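Colleague: I am new to this structure. Please pick one part and take me through it closely, with its surroundings.

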Amino acid sequence: MQWTKPLTFWVPGEPIPKGSWNTIHNPRTGKTTVIPNNKREHPWATAVTDAIIWQYRHQHPGQPMPHDTRPCYVQGIFHLPRGKSVRRALPSVKPDIDKLTRSLFDSLTRSGLIEDDARIVDQHLAKCYADPVHAGVEFQIQWLADEPGRREEP
């Protein structure tokens, strides 16, 4: 298997996990609305999506977002701010890496870089501590360059 040259991205800010959602029913209108439990989730997801779009367009001027359907591989590091009293070497506490990953993968899809996060066939993501001014997520994505016998699904 051959992989494409990686695209590298950096998004500054405190990584926020994708959490649970609450439903709110309006008895007057009869409509139900779904909202995230964490108020910081949406601004972080928007920042990641916007950074992906901006950085892609900067690296590929004049090209539209690819909505790539090829299988891809994502690797990266979530740099979490270390609290003043934290003594442990690694962030073996919340936020969970799977929820951080869900947020990142959803942003990859929303940005139009990939068609669907189901196209991600392999991943290697980690979390570490950083000074608060260096918090963020750094990641790379690569696509399968050649896939013999591949045909598009209907």
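**From a loop to the sheet and a lysine**

Modeller: His67 is partly exposed because its relative accessible area is 47%; buried means under 20%, exposed over 50% and partly exposed in between, with a 1.4 Å probe and protein chains only. The model is predicted: local features need pLDDT of at least 70 and side-chain atom pairs pLDDT 80 or more, while totals for chains, interfaces and linings use all residues. Residues are numbered from 1 along each chain as its sequence is written, and side-chain values use heavy atoms, without hydrogens and water.

His67 sits in the loop between H1 and S4; helices (H or I, at least four residues) and strands (E, at least two) are DSSP runs numbered from the N terminus. Its phi is positive, about 45 degrees, although His67 is not a glycine. Most residues other than glycine have a negative phi, and most peptide bonds are trans. The bond from Lys94 to Pro95 is cis, with omega near 10 degrees, and Pro95 belongs to the loop between S4 and H2.

Now the sheet. Its 4 strands form an open sheet in the order S1-S6-S4-S5, with mixed pairing; strands pair if DSSP finds at least two bridges between them. S1 (7-12) and S5 are at the edges with a single partner strand each, so one side of each has no neighbour in the sheet. S4 and S5 run parallel, joined by 10 bridges, and Gly76 stands opposite Leu125 in S5. In S4, 7 of the 10 residues are buried, so S4 is largely enclosed by the rest of the structure.

Lys127 is buried yet has no salt bridge, which would be a side-chain nitrogen of Lys or Arg within 4 Å of a carboxyl oxygen of Asp or Glu. The nearest side chain of opposite charge is Asp96, 5.5 Å away; Lys and Arg count as positive, Asp and Glu as negative, and His and the chain ends are not counted.

Its side chain does reach backbone oxygens: that of Val93 at 2.7 Å and that of Pro91 at 3.1 Å. Leaving aside neighbours within four places in sequence, Lys127 is in contact (heavy atoms within 4.5 Å) with residues including Phe78, Leu80, Leu90, Ile97 and Leu100. Pro95, at the cis bond, is also among the contacts of Lys127.

Note on methods: Polar contact = N/O pair within 3.5 Å; in protein donor to acceptor, adjacent residues only side chain to side chain.
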